[in-house]
Amino acid sequence: RKDVDGFHPINVGRMSIGLPCYVSATPAGIMELIKRYNIETSGENCVVIGRSKMVGKPASTLMLQKGIDATVTVCHSRTKNIKEVCLQADIIIAALGMPEFLSGDMVKEGAVVIDVGTTRVPSTETKSGFRLSGDVKFKEVSPKSSYITPVPGGVGPMTIVSLLKNTLLAAKKEVYQ
């Protein structure tokens with residue numbers, strides 16, 4: 001009842017069968033972006049790169065839900081033909097945790113690319129000595145994409161909003177009475 005992160009097995013189970021629950025914040029933020037930008041999902045090929053319990057698995061489950069109706073493929077670090085799989089994707093959710101993994105030659109023209117990665121990498125251009133890098137080579141992929149999220153500033157703020165929304169729902173006891 002207080003699992004606003006949406007990681008408890010009860011919330012995960014309820015989400016997987018479409019019952020009211022607290023949805024994990026980052027996947028909820030991704031779904032809100034898709035909704036707000038009117039991204040077509042029904043029958044579209046969606047590739048989720050990453051299988052973490054925080055992002056990959058719940059994002060793939062949400063993309064399969066009735067009303068979203070995407071055809072979902074989950075890839076990970078051991079997927080052998082990942083480039084070929086990604087080239088078939090209309091929507092790519094990159095949540096592998098490997099900076100600049102997804103390159104321009106892995107993305108078809110017009111694909112929607114949602115970059116969830118946030119890895120600190122060394123940088124001589126910043127005071128701190130590091131910068132945040134996503135899982136997508138933004139400069140290579142963005143010219144080919146119909147939509148793409150930047151890092152930082154894309155999915156991250158949506159995660160925060162989704163966590164706050166879950167907290168409000170919990171305070172108002174709107175998910176579990």
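**Figure 1. Lining of the largest pocket in the predicted model.** The residues that line the largest pocket divide into 14 nonpolar, 6 polar and 5 charged. The lining comprises 25 residues, and Val23, Ala28, Met31, Glu32 and Lys165 are those nearest the centre of the pocket. The volume of this pocket is about 630 Å³. Helices α2 and α6 each contribute at least two residues to its lining.

**Figure 2. Packing of helix α2 against helix α6.** Helix α2 spans residues 25–36 and helix α6 spans residues 155–171; their axes lie 7 Å apart and form an angle of about 110°. Because of this angle, α2 is roughly perpendicular to α6. The crossing of α2 past α6 is right-handed. On the α2 side, the contact is made by Ala25, Thr26, Ala28, Gly29, Ile30, Glu32 and Leu33. On the α6 side, Val155, Met158, Thr159, Ser162 and Leu163 take part. Sorted by class, the contact of α2 with α6 has 7 nonpolar residues, 4 polar residues and 1 charged residue. Ala28 and Glu32 belong to this contact and are also among the residues nearest the centre of the largest pocket.

**Figure 3. The second largest pocket and its lining.** This pocket has a volume of about 240 Å³. Its lining consists of Glu100, Asp115, Arg131, Leu132, Ser133, Gly134, Val136, Lys137, Phe138, Lys139, Glu140 and Val151. Strand β6 (130–133) and helix α5 (138–141) each supply at least two of the lining residues. By class, the lining of the second largest pocket has 6 charged, 4 nonpolar and 2 polar residues.

**Figure 4. The cis peptide bond between valine 151 and proline 152.** Omega for this bond is about -5°. Proline 152 is situated in the loop between β7 (147–148) and α6. Val151, the partner of proline 152 in the cis bond, is also one of the residues that line the second largest pocket.

Conventions. Residues numbered from 1 in each chain as written. Predicted model: local features only at pLDDT ≥ 70, side-chain atom pairs only at ≥ 80, totals over all residues. Heavy atoms only, no water. Axes fitted to C-alpha atoms, helices over the stretch in contact; angles between N-to-C directions. Helix = DSSP H or I, 4+ residues; strand = E, 2+ residues; numbered from the N terminus. Parallel < 35°, antiparallel > 145°, perpendicular 65-115°, else oblique. Left-handed = near helix turned anticlockwise from the far one by under 90°. Contact = heavy atoms within 4.5 Å. Nonpolar A, V, L, I, M, F, W, Y, C, P; charged D, E, K, R; others polar. 1 Å grid on protein atoms, 1.4 Å probe; cavity = no way out; pocket = protein on both sides within 12 Å on 5 of 7 lines; lining within 4 Å. Points joined across faces, edges and corners; volume = space filled by probe spheres on them.
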